[in-house]
Amino acid sequence: MRLQNKVAIVTGAGSGFGRGIAETFAREGARIVVGDINEATGRETVAQIQAAGGQAHFVAVDVASAASMDRLREQALAHYSALHIVVNNAGATHRNRPMLEITEAEFDRIYAINVKSIFLSAQSFVPHFRRQGGGVFVNIASTAAIRPRPGLTWYNGTKGAVVTTSKSMAAELGPDRIRVNCVNPVIGATGLLTEFMGQPDTPENRAKFVAGIPLGRFSTPDDVANACLYLASDEAAFITGVCLEVDGGRCL
Ligand SMILES: NC(=O)c1ccc[n+]([C@@H]2O[C@H](COP(=O)([O-])OP(=O)(O)OC[C@H]3O[C@@H](n4cnc5c(N)ncnc54)[C@H](O)[C@@H]3O)[C@@H](O)[C@H]2O)c1
């Protein structure tokens, strides 16, 4: 088991990639804190992990709130008395449409959930990782950061910020033995799909997006989870500051 004796928080683990990451980490021996703003779906993830024989605990969190992120750390430590891995996965987008149609409120919301969350996560968890002599962050950015699609301009910018911030964190936190890496998924059929496409979820519309992916399909939660598993595990002990594309060749 590749994450035996580890405790991992996965934000946004009630759905999509986050649920896949939580399930994969649990299968590999980690004890999981499922953090999500949606209590019903977060508890479903916990139930699925437990039904498969794993250990998981739900904590309600809004990753855009400092007080909420602090509570996430406190409750994770209270429950497991340890914490080694934080996957900053929770994210949001504006609907795919021309950039000037996005409202200021939408802009503020996605920057709060996608970017401020990384700041708050650092504020909350770096002191703990420093005290224990190390730790791991895996941040879910996107191919949007490096090969942006039209219609998602402000979302693309949030993910660019996640990539650059992660690299800078890696440089600054290396001496503390804190590793920081990103995973960049290409489009996948999660809760955000119709927002990313900006059109109904039909086979014809999906085909337009698949056309730009050399391996000829969307990414899946398993694809993303397996990349996160490697980066979170001790196999990646000397890997920090990388952004691993999980994109079937989209960014070539
Ligand atoms: N699906 C894609 O095509 C795609 C591609 C690249 C990157 N991503 C990124 O993957 C990550 C996961 O998204 P997904 O595609 O699985 O979508 P999803 O909608 O299926 O899952 C997102 C989860 O985050 C939770 N969440 C939203 N706001 C939150 C908040 N403020 N606090 C806590 N939890 C919150 C939601 O309740 C949900 O469970 C996001 O960061 C997204 O930007 C997605």
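Me: Let's start with α3. Which strands does α3 lie across?

Reply: α3 lies across β1 (7-11), β2 and β3, and runs at about 150 degrees to β3. Contact here is C-beta to C-beta within 7 Å, with the C-beta atoms placed from the backbone. Angles run from 0 to 180 degrees between N-to-C directions, with axes fitted to C-alpha atoms, for helices over the stretch in contact. Helices (H or I, at least four residues) and strands (E, at least two) are DSSP runs numbered from the N terminus.

Me: Before I go on, what should I know about the model and the numbering?

Reply: It's a predicted model, where local features need pLDDT of at least 70 and side-chain atom pairs count only at pLDDT 80 or more, while totals for chains, interfaces and linings use all residues. Residues are numbered from 1 along each chain as its sequence is written.

Me: OK. What about α2, which strands does that one lie across?

Reply: Helix α2 (residues 39-51) lies across β2 (31-36) and β3, at about 170 degrees to β3.

Me: And the sheet itself, what's the strand order?

Reply: β3-β2-β1-β4-β5-β6-β7, seven strands in an open sheet with parallel pairing. Two strands pair if DSSP finds at least two bridges between them. At the edges sit β3 (55-60) and β7 (243-246), each pairing on one side only. From one strand to the next the twist averages 20 degrees.

Me: How many bridges between β4 and β5?

Reply: Four, in the parallel sense, between β4 (residues 85-88) and β5 (residues 135-140). V87 has V138 in β5 as its bridge partner.

Me: Back to α3. How do α3 and α4 cross?

Reply: At roughly 30 degrees, with the axes of α3 (residues 66-80) and α4 (residues 104-132) coming within 9 Å. α3 and α4 are therefore roughly parallel; the cut-offs are under 35 degrees for roughly parallel, over 145 for roughly antiparallel, 65 to 115 for roughly perpendicular, and oblique for the rest. The crossing of α3 past α4 is right-handed, i.e. the near helix is turned clockwise from the far one by less than a right angle, with anticlockwise being left-handed.

Me: Which residues make that contact?

Reply: A66, M69, D70 and R73 from α3, and L120, S121, Q123, S124, F125 and H128 from α4. They split into four nonpolar, four polar and two charged. Ala, Val, Leu, Ile, Met, Phe, Trp, Tyr, Cys and Pro count as nonpolar, Asp, Glu, Lys and Arg as charged, and the others, Gly among them, as polar.

Me: α4 with α5 then, parallel or oblique?

Reply: Roughly parallel, therefore the label for α4 and α5, whose axes cross at roughly 15 degrees and come within 8 Å. α5 covers residues 153-173. The contact of α4 with α5 divides into 13 nonpolar, three polar and one charged.

Me: And what's the angle for α1 and α8?

Reply: About 50 degrees, with the axes of α1 and α8 (residues 221-232) 8 Å apart. That pair is therefore oblique, and the crossing of α1 and α8 is right-handed.

Me: Last topic, the ligand. How many residues surround it?

Reply: 29, and the closest are G12, G16, G91, T190 and G191. Near means a C-beta atom, placed from the backbone, within 6 Å of the molecule or strand.

Me: Which helix gives the most to that shell?

Reply: α1 (residues 16-27), with three residues. The shell residues come out as 13 nonpolar, 14 polar and two charged.

Key
Contact = placed C-beta atoms within 7 Å.
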